[in-house]
Amino acid sequence: MADRSIAPDTPELRARWGNFTFAQSWADKAKAAIARYPEGRQRSAVMALLDYAQRQVGEETKTQGWLPIPVIEYVARELGMPVIRVLEVATFYTMYNLVPVGRFHVQVCGTTPCMLRGSDDIIATCEKRGMHAGHTTDDGLWTFTEVECMGNCASAPMVQINDDNYEDLTPERMDAILDALARGETPKAGTQEPGRHTVEPAGALSTLTAMVNENHDYRGEWA
């Protein structure tokens, strides 16, 4: 799992992030998120504001972003919440990074379906590039995390890198994705299997074949 410890609240951290405020574009998004909730329920927007704050930090640091303590305090002030309540949210959900991460956060699923389909080989591919669980490479490019199921079992093995999923992986396909990202390119997200579009069967359909071209009603046939 990702390192869930919190970065120390140091004078250096305060000097860098103590005056954090939303840039106008993120402030507009935050205002819209808060407005979705009725009066007195604005705290319900806490997850959205934490996400926006992390993304702004990512823009400023050219990484995937993370949440320094002063930034968490800022979100708390924006919503009129005790800091501890915001911290509880940030520490519970692994979508929030509590320590600095690299430009690309490589999260490899190691749960049983992915493991049976070769996730160990995908992890080995990452390790050959100097990635190790819970750490960021010296060049600041990659942060590596092994995670539990992310719901792509039908197209295992898979990884999530920043906001994109990459599925039906082999070591060669994983290398190609990482090479493209390192070059500043945007590789195709989703399945990497030629001819496959989502998570439809890799071979021919064996059931519900009448659903291919129309919303076929099978109920009469099952009676």
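How many disulfides does the count come to? Here are some notes on that and on a few other features of the model.

1. **Ground rules.** This is a predicted model, in which local features need pLDDT of at least 70 and side-chain atom pairs count only at pLDDT 80 or more, while totals for chains, interfaces and linings use all residues. Residues are numbered from 1 along each chain as its sequence is written, and side-chain values use heavy atoms, with hydrogens and water left out.

2. **Cysteines.** To settle the opening question, the count comes to 0 disulfides, where a disulfide is a pair of cysteine sulfur atoms within 2.5 Å. C126 is in no disulfide, and its nearest cysteine sulfur, that of C114, is 13 Å away. C126 is also buried, with a relative accessible area of 0%; buried means under 20% relative accessible area, exposed over 50%, and partly exposed in between, with a 1.4 Å probe and protein chains only. C149 is likewise in no disulfide, with the sulfur of C153 as its nearest at 3.7 Å. At 45% relative accessibility, C149 counts as partly exposed.

3. **Helix 3.** Helices (H or I, at least four residues) and strands (E, at least two) are DSSP runs, numbered from the N terminus. Helix 3 covers residues 46-61, which makes 16 residues. From first C-alpha to last it reaches 22 Å, close to the 22 Å expected at 1.5 Å a residue; the expected span is 1.5 Å times one less than the number of residues. K62 follows helix 3 and has a positive phi, near 60°.

4. **What helix 3 packs against.** Its buried residues are V46, L49, L50, D51, Y52, A53, Q54, Q56, V57 and G58. These pack against helix 1 (11-17), helix 2 (24-35), helix 4 (69-79) and helix 5 (83-92), with contact meaning heavy atoms within 4.5 Å.

5. **Strand 3.** In strand 3 (residues 142-147), 5 of the 6 residues are buried, so the strand is largely enclosed by the rest of the structure. Two strands pair if DSSP finds at least two bridges between them. Strand 1 (residues 104-109) runs parallel to strand 3, joined by 6 bridges, and V108 has E146 as its bridge partner. Strand 2 (residues 135-136) runs antiparallel to strand 3, with 2 bridges, and T136 stands opposite T143. The hairpin of strands 2 and 3 has 5 residues between the strands, and there G140 takes a positive phi near 75°.

6. **Aromatic pairs.** The count comes to 8 aromatic pairs. Rings of Phe, Tyr and Trp (its six-membered ring) pair if their centres lie within 6.5 Å; planes under 30 degrees apart count as stacked, over 60 as edge-to-face and the rest as tilted. W17 and F20 form a tilted pair, 6.4 Å centre to centre with 55° between the planes. Both residues are buried, W17 at 4% relative accessible area and F20 at 6%. For F22 and Y74, the centres are 5.3 Å apart and the planes at 80°, so this pair is edge-to-face. F22 lies in the loop between helix 1 and helix 2 and Y74 in helix 4, so the pair ties together parts that are 52 residues apart in sequence.

7. Ring pairs link W17, F20, F22 and Y74 into a cluster. F22 counts as buried at 9% relative accessibility, and Y74 is buried with a relative accessible area of 9%. R16 lies over the face of W17, at 3.9 Å from the ring centre; a charge sits over a ring if NZ of Lys or CZ of Arg is within 6 Å of the ring centre and within 35 degrees of the ring normal.
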